Amino acid sequence: MKFFIVDVFAEEKYAGNQLAVFIELGVLSTQQMQKIAKEMNYSETTFITSLELQEGGYAIRIFTPEQELPFAGHPTLGTAYILQKEINLPIEQIILNLQVGQIPVTLHYLDESIEELWMQQKPPTFHQTFTVETLAPILNLDLDEIDSRYPIQEVSTGIPFIILPLKKLLSIKKIKINRDKYFKLVEQTQAKAILTFCPETNKPENNLAVRVFADAVGVPEDPATGSANGCLAGYLVKYSYFNTDSIDVRVEQGYEIGRPSLLLLKAEKNEAEIKVFVGGKVIMVAQGEFV
């Protein structure tokens, strides 16, 4: 089997979130895919199970080292990038067939090379809210460090995340997860991960700083999380965080763990529905054969 290692949401090689993509064409069982994902030990590993179109899309399965996922952001973009390289045609859109449904990915080119990829995620859904008294001790934050103008809420575009607004970058940087309190919380929620964000950034050209914690699915901290940031995009529009019904923003993530990433978010509110798009760069790192 051929496999590829790519950096997703990376401005340069060895930044962003690394991903392993296998072209296995339906030869592996679920148990074998799960075992390989555990051996690769990236936050996610994807398997392209067919290079033939099925209902207009390509069949993809996504695994963490611990479990299969119905959807994930950086695997969607990274796998679409590898599919374009394998098909070797300047395709403008690739559709991935995931457990959550079909996810379209648009490819933007510069001098015949892929410059950016954008995925349209499922419309966000909004669920339970939480008190500052519940979340602050989990992240070892003071109550007044949380931006109480906006709710702490569970949001999903396929995978649910708890969205937590903070005021200052200093608060983002000082977070230290209390694992006992965190695991007690996620036992009672659909969401198993927490996204924190604030309007102060490490780089002045960016709009938001983000950290994502998902120890319950084997990722203590993720350097770049497309699915979580899709939820954030919907949240920002729903609550008019930038005082508009649409956004076009740059989000930095991964600085605290030495893997600075850049995610591009667009979203717009149209009557009762919010459309969410997440974009970024993908960089090839390595390729080989798996025996």
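Let's start with the layout. The protein divides into two domains. Domain 1 covers 2–120 plus 281–289. Domain 2 covers 125–280. So much for the bounds. One caution before going on: this is a predicted model.

Now, how do the two domains sit? Taken over C-alpha atoms, the centres of domain 1 and domain 2 are 24 Å apart. The contact between them draws 28 residues from domain 1 and 25 residues from domain 2.

Next, the area. About 2,000 Å² is buried between domain 1 and domain 2. Carbon and sulfur atoms give 60% of that area.

What about charged pairs? How many salt bridges does the rule find across the interface of domain 1 and domain 2? It finds one. Keep that count in mind as we look at a particular pair. The side chains of Asp 7 and Arg 259 form a salt bridge, at 3.3 Å from N to O.

Polar contacts come next. Between domain 1 and domain 2 there are ten residue pairs in polar contact, with both residues at pLDDT 80 or more.

Let's look at the side of domain 1 that touches domain 2. Which elements supply at least two residues each? There are strand S1 (2–8), strand S2 (17–23), helix H2 (73–87) and strand S8 (113–121). S8 gives the largest share, with five residues.

Last, the make-up of that side of domain 1. Its residues split into 14 nonpolar, nine polar and five charged. That's the tour.

Terms used: Residues numbered from 1 in each chain as written. Predicted model: local features only at pLDDT ≥ 70, side-chain atom pairs only at ≥ 80, totals over all residues. Heavy atoms only, no water. Domains from an automatic or database assignment. Contact = heavy atoms within 4.5 Å. Buried area = accessible area lost by both parts, 1.4 Å probe. Salt bridge = Lys/Arg side-chain N within 4 Å of Asp/Glu carboxyl O. Polar contact = N/O pair within 3.5 Å; in protein donor to acceptor, adjacent residues only side chain to side chain. Helix = DSSP H or I, 4+ residues; strand = E, 2+ residues; numbered from the N terminus. Nonpolar A, V, L, I, M, F, W, Y, C, P; charged D, E, K, R; others polar.
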